[in-house]
Structures are given as C-alpha cells and as structure tokens.
Amino acid sequence: MKNNVWVFCEHGADGIRPVTLELIGKGTELGTVTAVSVQPLSEAEIKSLSETGADRIISGDLADADVLTSIDALCGLIKEYGPDILLVGATAFGRSMAPGIAARLKTGLTADCTGLEIDAETGLLKQTRPAFGGNLMATIVCPDTKPQIATVRPKVFRSIQTDNHAEVIRVHCEAAPSPITLLRQELNKGEVSIADADVLVSVGQGIGTQENIRLAEKLAEKLGGTLSASRPMIDNGILPYARQVGQTGRTVAPRLYIALGISGAVQHMAGVAAKHIIAVNTDPDAPIFAYADYAIRQDCGTFLHAILDQLK
Amino acid sequence: MKITVCVKQVPASNEARLDPVTNTIIRDGAKSVLNPFDEHAVEEAVRIKAQVGGTITAVTMGIPAASEMLRRVIAVGADRALLLTDRAFAGSDTLATATALSAAVKKDGMPDLILCGKMATDGDTAQVGPMLAELLGIPHICNVSKIVSITDKAITVCENTDDGVNTVTAALPALLTVVREINIPKLPSIAGILKGEATQIETVTAADLNITSEHLGLKGSATRVVSSERPNLVHHTVVIDGTADEQAKKLLAILDSGEVR
C-alpha cells in the first residue's frame, strides 16, 4: 500500500514557493503525492504542481490564510482525508505552522530534515536531521500516529519534471477568523536575501580590512552573488544581521560558498548547506578546510586583488 | 501583567561526545548555559515589566542542575522560577515537553503573555513554543523582532517573515517566540545575583502536574530517535596551490568548468 503523502502548498509574495515544488518531487519517492493549498489555486499554479509531480491537488477557498488560519484549515482537511505523511517547507511560515498542527493532532513532527525515505519493513517515514549544530545526524520515526510530519528547508531537495495531470479537488476550508490582525506588511523587495543566493562570498574575522570587505562584495557582484558574513562581523557592528550565516543567523544553501577568512566554527557551518565550499584562509589548521571542497591557503586581501584583477 | 518566560539549559558547546556503546550523547560534565535565544526572551520580559508592571515567572524542564540557570534568570529580573524536574520527563520529544510545560503553566495560572526564545541551540527545532501555544489554546507569533506596544488586552509586534517584516496585533493571552535582534540582554547586577541566590526555586514533578505517564517522557513522545551517528565527514578537498595569481586563475577555471554546477 503506497503512502499517501501530502505536501503543503505555501504561497509567498511571488506565488508558490519553490520549496513546495521541491517537496513534491521528493514526495514522489515516498508515495502518491497530494499538493494541498488552503488558498484557491490558479490554472497556472495547478499546472506547475502537476508537472512537478503531484498526483492529486486539493485547492481550498481561503483568500487570506495566516499561520493560525492555515493550522485550522489543514487540521480539518487532515481529519477528513487522513494522509500518512505531511511535508512542509521549513520556511518561517512553515516552522510556525507545522508545530501547531502536530500539537493539535498529537502527532510527531521532525524539523529541518535533510533525508527522507520509507523504511522497507515498516513502511514508516525515516526522517534524518542534524542535531548539535550538525555534529550528529539523527534518524527519527513517528511510529504510532498519523500524519508523520516533517519540515524541510529550501534547496535540500530538487524539484523534478513529469508529465502528470493531477486530479484537482476543490474544497471548502473550515477555519475560525484569525485572532491575529495584520496591520502592516513590509516586503523585502530588492533588499539583500542571503538565503536565496546562488553564490555567497562570505567574510569572517580573517578578512582583515574594511577595504577587503568592499572587494569581497565586488567579487560577489561579479560572480552574480551576495555578500554574507560570520557572526563576529555582525557582533562587531561591521555588517548587518541580515547577512549573518550560522546557527543563530540564517541557514544558506547556495551553489557556491566562498569563505574568506572564516575559521569554520561548528555554529557557523551549521548554517551552511552549500553545494560547493571554497575556503580562503592563511591558517592551515582552520576547521573550515575539513568542510571545503577547494582549499586556498592565502591571505584574503592578496587573493581578492588577484581574482578581481583577472575578472576585469 | 503576568509574564511567563520558557527557558532551557543547553550545552555550552555543540561538540557532541557519543557513548561508543549506546550511541547516545554524553551530557555529564559538559558545561551548560542558558539557551542564547532565551536570554533575549528574558530581557524582553524584563523590559515589558518595567513598562507595564507585573511579575515574571521563568519555567524550565530540566535536570536538577538547571536550578543554577534559573537563579541567573532571576538575577536579571525574573521574580520566580519553576523547575519541572522528574525522571518521568526523560526522553521527551518536543510534543511531550510542550505537554508538560502546558500543564505546569495552567496549574500555575494562565499568564497574560508567554515569551520563548525562537529555538534552542541543542535541538534546533523551534517547535516547543508554537506547540505550547496550541496546547494552551492561545495564539502564537514566531520570530518577533520588536514589541511595538502592549496593553493589558493586546500586544503589537514586528514579526520577521519570509518576505520581510509584518506588524501584527494579537489579543492577550498570547505566546511570542523572539529572535536575537529584539534586544541586547543586560548582565545581572550584584543585587540581582544575590536575589537569585536567595530565591527559592519551585520544583514541579510529574505527580504535581496531574498528567498520566503515557503523555510524558519517552512514552508521551510521538517521535523516536532510531539511530544517531556522526556525519561522514569523509572529505575530498582539492588544494589549489601557487601564487595568488595562479590560485585565482585556477579557481576561475574551475568556476567556469562544469565542476561546480
């Protein structure tokens, strides 16, 4: 019996968030996939969800659904349809919503999973996630209750392409009016978001000078990326919190992470889920070299001048 | 105003030492601290109390040694502290933890406002706050970066979202989880430290909570850890040698090739 996998369809300022499509793709490995939206879906959105692997789509009727309304609506739908698994993107919204659902339904939730697979013997979802800042990988199951809920950060999995034509079910969502009133919304349009960057040039205490930070930012620009930093740079007031990578900052998942003068402390690396890490550091014993795919033992300033010269 | 702050004692460092036989974390002897995010929650509670008056109760679920952390929380401005400690709580996942905390909070008398740090640096889940709110039947707002205004009936806050910042209002009682940007925690004064030493920490056991054992600890957990291991840091690092110019050239060649797609 194939698992009935639900994927929460999350909407952002620009439409369906990419993480939803990534989870649908992963979901196809785990069972039959139903994409669930408490908001009504457009034809284009339905097509997108279909093509990325949804077998079924549930489209709700709530024009505006904040976290609490979504918890209400989803719990109602879950009670009616009884999915085995619920996957939610580990966005700020998802991380606020999923625990509310888990607590109301008294079921298990595993946050920030980096691995998901079905146990061949038990049919249960095996959820793998890092703990202790990444020093430990734990595999977790939810053996006695349904749905088994997991949140997954953006870019952990990749979306896929299929030629599915999902069955669409339009439903009415029961939800109490939200006890929270939105007074004002400020969107980050155009402002730096290190969380979405394809390339990050990241500076740590070993960057040396303000001038080198300027050069690092220039390198980021040339590579089509963004400047980010480790915690000491923010604590010292050199760069704003929006640029902080690490356990108490942002988790980033760029294709390239170029670490300049970053020692590679566990709490920093816990926030780095990059495809390729390039480390530049004068200290041959810096922990970052254990994580780096490419190691450049060089002074940051010297290196920056050299690479920017060649990029002219 | 009655304010409750949920706090947690976490290992000072993230270095996990595994027992080679059982694969579980060796916690004894490891230095413990107040979860950094909770420091900000406590500081915010202190500021709110300074503004509107009231009492601050710190609540934690932990081992007996967690009382040291609670004394520190009193030293920076909490009025009283509850320590939920009992073997029956051992092995609790986030749901079982939230269940115990909600019972303790209800028993102590529903507060007007509950503050939590966004997440704890050992579990990293950020789940207990929202779960606690749900079990208490009150609204929650996560990632609060600023308290704009507060009356005895409602609170208005700035909430960091995925797309920016929302300013929202909730009727009290409500639960907030806070991020680091919200404030800079103050250090305790000597008078505070002395007060912390002198204050009686109220201990709460499972029996005090009136919940049956199947809702607590390992039994009351909906999730189970089936295995834990050190990640395979078998790494192939390519060292790029040469002068700075040569290194830059080699790196650019790699970036241009298909190698780092």
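Two strands are taken to pair if DSSP finds at least two bridges between them. Helices (H or I, at least four residues) and strands (E, at least two) are DSSP runs, numbered from the N terminus. The model is predicted: local features need pLDDT of at least 70, side-chain atom pairs count only at pLDDT 80 or more, and totals for chains, interfaces and linings use all residues. Residues are numbered from 1 along each chain as its sequence is written, chains are lettered from A and ligands numbered from 1 in the order in which they are written, and side-chain values use heavy atoms, without hydrogens and water.

Contact means heavy atoms within 4.5 Å. Axes are lines fitted to C-alpha atoms, for helices over the stretch in contact, and angles run from 0 to 180 degrees between N-to-C directions.

Chain A holds an open sheet of seven strands, β7-β11-β6-β1-β4-β5-β12, in parallel pairing. Strands β7 (109-110) and β12 (167-170) of chain A are at the edges, each with a single partner strand, so one side of each is left without a neighbour in the sheet. β4 (residues 31-37) and β5 (residues 56-59) of chain A pair in the parallel sense over four bridges. A:Val36 faces A:Ile58 in β5(A).

Elsewhere in chain A, helices α5 (residues 210-222) and α9 (residues 300-310) pack at about 35°, with axes 10 Å apart. Residues in contact include A:Leu215 and A:Leu219 of α5(A), and A:Leu304 and A:Leu308 of α9(A).

Between the chains, 72 residues of chain B contact 80 residues of chain A. The buried area (accessible area, 1.4 Å probe, that two parts lose on being put together, summed over both) is about 6,300 Å², and carbon and sulfur atoms give 57% of it. Four salt bridges (side-chain nitrogen of Lys or Arg within 4 Å of a carboxyl oxygen of Asp or Glu) are found across the interface. A:Asp235 and B:Arg180 form a salt bridge through their side chains (3.7 Å, N to O).
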